[in-house]
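Welcome! Here is a short tour for anyone meeting this structure for the first time. Have a look at it below, then read on.

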Amino acid sequence: MTNPVDAINGNEYDIRPGNVENTHFDVAIIGSGPAGYTASIYTSRAKLRTIVISGSLPGGQLMTTTEVENFPGFISGITGPELMMNMQQQSERFGTTIVVDEVTRVDFKTRPFKIFTGSTHYTSNSILISTGATPRKLGLKSEVDFSGKGVSYCATCDGPFFRNQDIIVVGGGDTALEEATFLTKFGKSVKIVHRRDKLRASKILQERAFENPKIEFIWNSSVIKIEGENKVAKVTIKDNNTGKETILNAGGLFVAIGHEPNTNIFRNQVELDERGYIILNNHTRTNIEGVFAAGDVHDHRYRQAITAAGFGCMAALDIERWLSESRGKEG
Ligand code: NAP
């Protein structure tokens, strides 16, 4: 699968993977979505030594979004990848160290806090968790078998591979409708398969999808099987009311059914709710002093780029204050 940025506009995502000379920081930010980058802009600008460990998808979920029309400041909108590249470069301008690496383990039991990646480890006086959330799966074996072979979770990344093909999108939320609309630029037809007869998506996205002649809705239905030789060719759906099964020809299946918080590595380290989202106690503070969280990793209510950025800003200000208070106590 292609880097989403390349798929959009051919630009390179200019982050240097690899090692950095310094491994101790004032602020270590885990995750590089709008929350992480915004926080890093604030903390670096405040002259705090800041590292962002980006994870495997630098830029986070917005790298899988097409047009962002509601992020203030862009009169005609901006693509998600462009927005994230801007944030990254703005952050680097103030001296943030950004590394593309996956955090495999953390130790928040003692200070300085420790963050382990596959290749190295870092220490930090404070932590911001901004790891966001990951696309939910349908849970079919054939979904796993055909992942990357016609099954995708990112229309922006993979849409261009499905020119003139019949495409299915699963879901009834904003993501499903936004992706379906985007996919009509490439596909011959786009069918939205939704498990209910009512959409969860916002009115404006619904209207756009209903008006699009290439989009057809299949209500009260679930995908139960995906078949093909080496790539997706047929998708079986089942009517949830009648049980009737129908086989649809499709070259691509885009799953757009929501997200799960990326908090596995924080289990037993910070307090999580029953769905795995981080619990905040006092503004952006977790239950561990010196460890903060921002964005979709704790916020399952608003889940917008602008709210994640806002939480990132709040966390950065809280971290700055907490670090200077801690230093005051130590000194
Ligand atoms: P979402 O709002 O949680 O919607 C998920 C959809 O998938 C729902 O329609 C749900 O059906 C369906 N679904 C969930 N599990 C399923 C399963 N196992 N099988 C079949 N269908 C399943 O998720 P989202 O669309 O990714 O949006 C997440 C958040 O981001 C929302 O707050 C949204 O407003 C925001 N967002 C905004 C924009 C924008 O403003 N441009 C774009 C994208 C996302 P039910 O409806 O039956 O529950």
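Predicted model: local features only at pLDDT ≥ 70, side-chain atom pairs only at ≥ 80, totals over all residues.

From here we look at the ligand's surroundings and then at the salt bridges.

- Thr-175 brings a polar side-chain atom to 2.6 Å from a ligand oxygen, while an N or O atom in the side chain of Glu-178 is 2.9 Å from a ligand nitrogen.
- The protein covers 80% of the 920 Å² of accessible area that the ligand has on its own.
- In total, 18 residues surround the ligand, and Asp-174, Arg-196 and Arg-200 are among the closest.
- By type, the shell holds 2 nonpolar, 9 polar and 7 charged residues.
- Helix H6 (residues 174–183) gives the largest share of the shell, 3 residues.
- Domain 1 (5–134 + 260–330) and domain 2 (137–255) each supply at least three residues of the shell.

**Salt bridges**
- The model has 6 salt bridges, and a network of them links Asp-26, Arg-49 and Arg-327.
- Asp-26 meets Arg-49 at 3.0 Å, N to O; Asp-26 sits in strand E1 (residues 24–30) and Arg-49 in the loop between helix H2 and strand E2, so the pair ties together parts 23 residues apart in sequence.
- Asp-26 is buried, at 5% relative accessible area, whereas Arg-49 is partly exposed at 45%.
- Arg-327 also pairs with Asp-26, at 3.3 Å; Arg-327 lies in helix H8 (residues 305–330), so this bridge joins parts 301 residues apart in sequence.
- Arg-136 and Glu-260 form another salt bridge, at 3.2 Å, and link parts of the chain 124 residues apart.

Conventions: Residues numbered from 1 in each chain as written. Heavy atoms only, no water. Near = heavy atom within 4 Å. Polar contact = N/O pair within 3.5 Å; in protein donor to acceptor, adjacent residues only side chain to side chain. Areas by Shrake-Rupley, 256 points an atom, 1.4 Å probe, with all protein chains shown as cover. Helix = DSSP H or I, 4+ residues; strand = E, 2+ residues; numbered from the N terminus. Nonpolar A, V, L, I, M, F, W, Y, C, P; charged D, E, K, R; others polar. Domains from an automatic or database assignment. Salt bridge = Lys/Arg side-chain N within 4 Å of Asp/Glu carboxyl O. Buried < 20%, exposed > 50% of the residue type's maximum accessible area, 1.4 Å probe, protein only.
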